Amino acid sequence: MPLTSTTAPPFVTVLVRGLLAGLIAGLIAGAFAYVAGEPRVEAAIAIEEAATHAEPAAGGHDHEDALVSRTGQRGGLFLATGLFGAAMGGLLATAYVLLSRRRRTYDDGRSGLLLAGAALLGAVIVPFVKYPANPPAVGDPATINQRTVTYLLMVVLGLVAVWAGSLGYRAVGSTAPLWQRAAAAAGGFLLVAVVSYVVMPSFQEVPADFPAALLWDFRLASLGTQVVLWTGIGLVFAALMHHELRRRTATALPSR
C-alpha cells in the first residue's frame, strides 16, 4: 500500500529529486541512444557523403567540414541527454508539487510516475506518429524552420490531448464503472489527437532511394531513447519520493 503523508515535502527537496532522477535517466537514455542509434546515424551520414561525392564538380556546392567532429558529437550525446533529462525531471517535480497541493495527502511518487507516463504519451508518442524522426541524410534544409515550429506545436497538442483524456476520465464521475471512465478518457484523447493529425501539415521528404530498413531502425531507436528517458525519470523519481516520504513518516512517528 503506498505511503501517504499529510505534510508536503519542501519544493526544493522534491526538485532536487526530480533533477537527480532526470540526470540518471538521461545518462541511461544516452547509453541506449549510443548503442541503438549511433550505428544508424553513421550509416545515414555515409549515404549523405556518398551522394555528396557523386555530385558533379560543376554543381558549385561547397561542403564545409562539420564544426564538431563525430567523436565530439558522440561524447556530447551523453552530456545532451543528461542535461535534457535533468531539465525534464525538474519540470516533472514542479508538476508533481503543483498536483500535490490539490490533495490533502501526498503519495509516495505514484503521481510522478503517472505524470511521466502522460508526458511520454503527449509530448513524445503523439508527435512521433505525425512527425517521426529522420536521420541526418533526410530532410530539406529549406523547411527546417517550418518543421521545427510544427513539431513543437504538435507537442503542445499532444499534451492537450492527454489533458482532454484526463477531463473525460473525471467527467463521468468517480461512481461510474472503470470501463466507462476509461472509455471517456480514450474518447477525449483520441478526439484531440485525430483532429490534430488532420489539421497539421505533413512533410514527405524521405528520398525514394533511401533504405527503408535504415529509416525504420533509426526511428525505432529515436523513439526508444525517449521511452527509456521518461520511463527512467518516472521510476527513479517515484523511488526517491517513496524513500523521502518513508523517512518523513518515520520521523513524524513518536519514539517509544
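Figure 1. Gly168 is buried, since its relative accessible area is 14% and the limit for a buried residue is under 20%. The model shown here, and in every view that follows, is predicted. Gly168 belongs to helix H4.

**Figure 2. The chain as a whole.** The secondary structure consists of six helices and zero strands. The chain has 256 residues, and 34% of them are buried.

Figure 3. Helix H5 covers residues 178-199. This helix has 22 residues, and the distance from its first C-alpha to its last is 32 Å. That span is close to the 32 Å expected at 1.5 Å a residue. The buried residues of H5 are Arg181, Ala185, Gly188, Phe189, Val192, Ala193 and Ser196. Because the buried residues fall within an arc of 110 degrees when seen down the axis of H5, they line one face of the helix. On the other side of H5, the residues Trp179, Leu191 and Val198 are exposed.

**Figure 4. Val192, a buried residue of helix H5.** Val192 is found in helix H5. With a relative accessible area of 19%, Val192 falls under the limit of 20% and so counts as buried. Trp163 is 29 residues from Val192 along the chain. The separation between the C-alpha atoms of Val192 and Trp163 is 9.6 Å.

**Figure 5. A nonpolar patch on the surface.** The patch is formed by Leu190, Leu191, Val194, Val195, Val198 and Val199. Together, these residues have about 590 Å² of accessible area. One member, Val199, has its place in helix H5. Val199 counts as exposed because its relative accessibility is 62%, and the term applies over 50%. Leu191 and Val198, also members of the patch, are among the exposed residues of H5.

**Figure 6. The aromatic pair of Tyr34 and Phe78.** The count of aromatic pairs in the model comes to three. One of them is formed by Tyr34 and Phe78, with 5.9 Å from centre to centre and 35 degrees between the planes. The arrangement of this pair is tilted. Tyr34 lies in helix H1 (residues 11-54) and Phe78 in helix H2 (residues 70-100). The two residues are 44 residues apart, and the pair links distant parts of the chain. Tyr34 is partly exposed because its relative accessibility is 38%. Phe78 is likewise partly exposed, with a relative accessible area of 29%.

**Figure 7. The aromatic pair of Tyr131 and Phe203.** Tyr131 and Phe203 form a tilted aromatic pair, with 5.9 Å between the centres and 50 degrees between the planes. This pair, too, links distant parts of the chain, its members being 72 residues apart. Tyr131 is in the loop between helix H3 (110-130) and helix H4 (144-171). Phe203 is in the loop between H5 and helix H6 (212-252). Tyr131 is buried, as its relative accessible area is 10%.

**Figure 8. Ile125 and Leu223.** Ile125 is found in helix H3. Its relative accessible area is 32%, so Ile125 counts as partly exposed. Leu223 is 98 residues from Ile125 in sequence. In space, however, the C-alpha atoms of Ile125 and Leu223 are 7.8 Å apart.

**Figure 9. Phe11 and Tyr96.** Phe11 lies in helix H1. With a relative accessible area of 36%, Phe11 is partly exposed. Phe11 and Tyr96 are 85 residues apart in sequence. From C-alpha to C-alpha, the distance between Phe11 and Tyr96 is 9.6 Å.

Methods. Residues are numbered from 1 along each chain as its sequence is written. This is a predicted model: local features need pLDDT of at least 70, side-chain atom pairs count only at pLDDT 80 or more; totals for chains, interfaces and linings use all residues. Side-chain values use heavy atoms; hydrogens and water are left out. Patches are made of residues with over 30% relative accessible area and no salt bridge: like charges are joined within 9 Å, nonpolar side chains (Val, Leu, Ile, Met, Phe, Trp, Tyr) within 5 Å. Accessible areas come from the Shrake-Rupley method with a 1.4 Å probe; for residues, only the protein chains shown count as cover. A salt bridge is a side-chain nitrogen of Lys or Arg within 4 Å of a carboxyl oxygen of Asp or Glu. Helices (H or I, at least four residues) and strands (E, at least two) are DSSP runs, numbered from the N terminus. Buried means under 20% relative accessible area, exposed over 50%, partly exposed in between (1.4 Å probe, protein chains only). Rings of Phe, Tyr and Trp (its six-membered ring) pair if their centres lie within 6.5 Å; planes under 30 degrees apart count as stacked, over 60 as edge-to-face and the rest as tilted. The expected span of a helix is 1.5 Å times one less than its number of residues. The arc is that of the directions from the helix axis to the C-beta atoms.
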